[in-house]
Amino acid sequence: MVEGGSRSILVAGGGFSGLAVIAELVRQAESGDISIAWLDERGHFGKGVAYGQDDPHYLLNVRADRMGLFAEEPQGFYTWLQEGESLVAADAYVSRALYGKYLVALREKILTDAKEKGISVVMEQARITGASPDSQGLLLTTDRGAYGGGLLVLATGNGDAKCFPWVRPETKTYLPSLWDKGSWDKLSSMAVSHPERPVFLLGSGLTMVDATVRLARELPHIRVLALSRHGLLPCAHSEETSAKQTGWRKPDIALSASALMCFLREEAAQAQALGVPWQHVMDAMRPDTPALWRGLGSDGQRRALRHAISWWNVHRHRIPAPALRLLEQRRANGFLEIVAGRILDVADTADGLEVMVEERSIRRRVAASVMLNCTGPQLDIRRSANPLIMDLYKQGALQPSANGLGVAVTEQGAAKGSWKNLVYPIGPLLAGEDLETTAVPEIRRHAALLARRLLERR
Ligand SMILES: Cc1cc2nc3c(=O)[nH]c(=O)nc-3n(C[C@H](O)[C@H](O)[C@H](O)COP(=O)(O)OP(=O)(O)OC[C@H]3O[C@@H](n4cnc5c(N)ncnc54)[C@H](O)[C@@H]3O)c2cc1C
């Protein structure tokens, strides 16, 4: 057992969020009176799920000069690329594998800096199964023993995949996530076993784009059917790099979700009339998004999640333009079909699976070789399959946010619940509170603020 204490910080999760908090703690701490225990079940410390993939063809969806680890130095990744003689343009979308290397290089530097400051950082590959409060703070139970600390940074990330009632445990042709170990190999081997059938992708967002682009490259003869509620594809980033930037006029009163959407459309139209791509307006709005989101109140947020989130997602979470061109080409050539609808049932067959789809009130049976869930993470903690999250929730140490996404936090960033100021969530778990919490620019800003708050605690 590792002992706790008021200056010892437990960090659960070895992805970008965990790394960003530790990097800021080490950078901001003046002396070595803190110690950090960093725990992750995968052991990909720094890379996490998003940047732990080896395939060099999965690309970042944020340009290189905006992906630095530190909020104070957004160009850090681009500088690192140049120092390593990877001469790409500042606005290039490079591979996530390369970004993972950058994070590991920085992790090593941070560990060295910590040592020089006398800060102990222990990394342990362990699955955390639960937590309990104790006299020193709290105690984590893991498959490798117990870890005590004064407080817990909860950086457990994107969470597990959403579950569906029609997925039966015995279904072998259903893959819950592209990011699980071995998932791509299973997908491709089932696809080539029945090349006459399409691969069924559930969802039409960023993961669907990753899977379709990779299938087009590695198995170009395989067809893809992608289904989502509205059948919308992500929009592309603007390629007009020389276009002038624009600000945006933040509305000075709280607007409803629909009024906000109208406002945003008008801003985008005005920008376009001046020759500025609408994408720049979405980017300029980003720092204000959490405040605007909070201004909607929980009822407004729920309405927005029901009626506007798909539209928002495709405009906000964009892809490089060449990726969209490839999808359009595949679509035109009959290799990609995008369907707006929902699944009614799925049955296993000897050759794969049969999916009953409802498309604008019309039912259709689709025979597919394999189905991949591309719908994104389960952010409702009441349904979490993560034992730590469920344990904290059951003990009242975590509460769902008012709109049901992620967890509720206090103004100081601590989880609302029965344990006062012991648990500090970061990353996707804050989606309900701030909406913009999953990408690097937002996480690194939050990490800097959180580290300051934790270091100020006595
Ligand atoms: C495929 C993909 C591509 C992305 N691309 C971009 C991009 O290009 N640009 C951008 O800005 N953002 C991108 N993002 C957003 C991304 O979510 C964030 O950038 C960031 O990686 C999230 O990091 P995290 O540490 O919060 O979560 P994760 O990377 O999910 O890390 C959490 C870690 O905690 C571990 N963990 C969870 N529970 C436990 C437990 N009980 N015990 C032990 N360990 C546990 C998990 O196994 C995991 O290793 C992408 C996300 C994904 C999924």
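Reply: Valine 346 has valine 355 in S13 as its bridge partner. Strands here are DSSP runs of type E with at least two residues, and helices are runs of type H or I with at least four, both numbered from the N terminus. S12 and strand S13 (residues 352-359) are joined by seven bridges and run antiparallel. Two strands count as paired if DSSP finds at least two bridges between them.

The model is predicted: local features need pLDDT of at least 70 and side-chain atom pairs count only at pLDDT 80 or more, while totals for chains, interfaces and linings use all residues. Residue numbers start from 1 along each chain as its sequence is written.

The sheet that holds this pair is open and has three strands in the order S12-S13-S14, with antiparallel pairing. Strand S12 (342-349) and strand S14 (362-368) each have a single partner strand, so one side of each is left without a neighbour in the sheet. On average, neighbouring strands of this sheet are turned by 20° against each other, direction ignored. Such angles are taken between axes, which are lines fitted to C-alpha atoms (for helices over the stretch in contact), and run from 0 to 180 degrees between N-to-C directions.

Now the domains, whose bounds come from an automatic or database domain assignment. The protein chain is assigned domain 1 (8-160 + 378-456), domain 2 (174-235 + 318-373) and domain 3 (257-316). Between the C-alpha centres of domain 2 and domain 3 there are 29 Å. Eight residues from domain 2 and five residues from domain 3 make up the contact, with residues in contact if their C-beta atoms, placed from the backbone, lie within 7 Å. On the side of domain 2 that touches domain 3 there are four nonpolar, two polar and two charged residues. In these classes, Ala, Val, Leu, Ile, Met, Phe, Trp, Tyr, Cys and Pro are nonpolar, Asp, Glu, Lys and Arg are charged, and the others, Gly among them, are polar.

Helix H11 (residues 321-332) has 12 residues and spans 17 Å from first C-alpha to last, close to the 16 Å expected at 1.5 Å a residue; the expected span is 1.5 Å times one less than the number of residues. After H11 comes glycine 334, with a positive phi near 85°.

Another open sheet has five strands in the order S3-S2-S1-S7-S16, with parallel pairing. Its edge strands, strand S3 (120-125) and strand S16 (423-425), each pair on one side only. From one strand to the next, the twist averages 20°. Strand S7 (residues 151-154) is joined to S16 by three bridges and runs parallel to S16. Here leucine 152 has valine 423 in S16 as its bridge partner.

Methods:
Contact = placed C-beta atoms within 7 Å.
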